[in-house]
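Welcome! Take a moment to look over the sequence and the 3D view, and then we will walk through them together.

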Number of protein chains: 2
Amino acid sequence: MVAAPIAETGPSSGRDRILDAAAARFAELGFTETSLRLIAGDVEMKAGSLYYHFGSKDELFVSVLARGIALMSDGFDGAAQRVAAAAEQQDARAHLAEHVRAHLRVLHGNFAFTSLHVTSFRTAPEAVRAAIVPERDAYEAKWTALLGSLLPGRSADEIGILRLVLFGAINSSIEWFDARRGNLDDFADVVTDQFWNGASRPHEKDDNDST
Amino acid sequence: MVAAPIAETGPSSGRDRILDAAAARFAELGFTETSLRLIAGDVEMKAGSLYYHFGSKDELFVSVLARGIALMSDGFDGAAQRVAAAAEQQDARAHLAEHVRAHLRVLHGNFAFTSLHVTSFRTAPEAVRAAIVPERDAYEAKWTALLGSLLPGRSADEIGILRLVLFGAINSSIEWFDARRGNLDDFADVVTDQFWNGASRPHEKDDNDST
DNA sequence: GTCTATAAACGGATAGAC
DNA sequence: GTCTATCCGTTTATAGAC
């Protein structure tokens, strides 16, 4: 599945413009603090008009979250392809680094759609959570499988906890990382090194950067 | 400063009962989704009566957040005292483990007051954030100083990022850790080992547990 | 200290004109 | 496809009785 199909009506159709504006406001203010009147104002429409494109505020939010997951999932698959296509066989650390870079690039490169999964998912209406949980589970399963293959000595329980710890470390960066002040790939390398080698070992720079 | 002074009017005065109920609801539903009517109902009062104890909803939320930080800060100081009083001089890893355990124990042991700092701080009203930022900074500074002393080879920038990565890994546990299914001190040990030694090294159990 | 009553504003959602 | 107008519920906060 591809995350960004061009809509039939063109690149910036009414529906997509609403989706972009909604994502930006949800990311900025949270779900409940964002009113439909505010989103409508951002695309120079009236609140009632949104209901031609979306059935409810919940449905609009689900659409935004679904797009966020689709982008993350595509990013993971792209990283897996680059690893498979690498001329020299990569070691485990380089393999992990490729995926951490991909995750962080998509996360920060589509902030409005992806950050909501970190900040607003827990307090979202139950119906919203239920609608998006399967897609989230599928993405998390990719990571669990990856870590399991990279750390063959660990039990399934340990892999599960390590994934949560890694996600906590990486995803919390949306609350503080500022792309104008730091380089995202550099941060990805620091996190990978910390996770893989530990903070007590001197940091070795990863030169296997892909662009 | 002590975090839990007994109020003049007794252990469960009106004000403290409101504070406890508010914290529980804020943690469960978030700031905006929690109405004053709901909090009042939990303590068998009417919404208007809350204004005798608190000037506004914002002020009530700030009081909850401030108590959360005070508890975390006291927990850190307690860990520091245990380290200083240890008969044998502890190594860096054991020193870190003591503080990670203390942080996690206070975090999960006072969930209603502390989890809000992880889940609801970012979307809180600007006035609320401004009021609580100094206390948060002071707690973070304790950790920055600790990590700096434990990792003398690292630059201040690196220490800052490592603290954020560690906080992300630890604090995100409030979204998934269930004390009924897992042992919190065991998790603290896993996180400490992962942070200090890295996931690629076999896990060595820490026997220096304090009770 | 707690209550009732109410002000004033804002929310999601719908109906029907154009 | 978008607008206007409106319904109806909920919110924080205040005023004054008890």
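## The fold of chain A

How many helices and how many strands are there in chain A? Chain A has 9 helices and 0 strands, counted as DSSP runs (H or I of at least four residues for helices, E of at least two for strands) numbered from the N terminus. Its radius of gyration is 19 Å, close to the 17 Å that the globule rule gives for 211 residues, so chain A is as compact as a globular protein of that length. Here the radius is taken over C-alpha atoms, and the rule is 2.2 Å times the number of residues to the power 0.38.

## About the model

This is a predicted model, where local features need pLDDT of at least 70 and side-chain atom pairs pLDDT 80 or more, while totals for chains, interfaces and linings use all residues. Residues are numbered from 1 along each chain, chains are lettered from A and ligands numbered from 1 in the order written, and side-chain values use heavy atoms, without hydrogens or water.

## Around W143(A)

W143(A) touches several residues, among them F76(A), L96(A) and F167(A), leaving aside those up to four places away in sequence. A contact means heavy atoms within 4.5 Å.

## Meeting the DNA

Among the 14 residues around DNA strand C, those that come nearest include K57(A) and H53(B); "around" means a heavy atom within 4 Å of the strand. L36(A) uses a polar backbone atom, 3.0 Å from a phosphate oxygen of DNA strand C.

Technical notes. A polar contact is a pair of N or O atoms within 3.5 Å; within protein, one must be able to donate a hydrogen and the other to accept it, and residues adjacent in sequence count only if both atoms are side-chain atoms.
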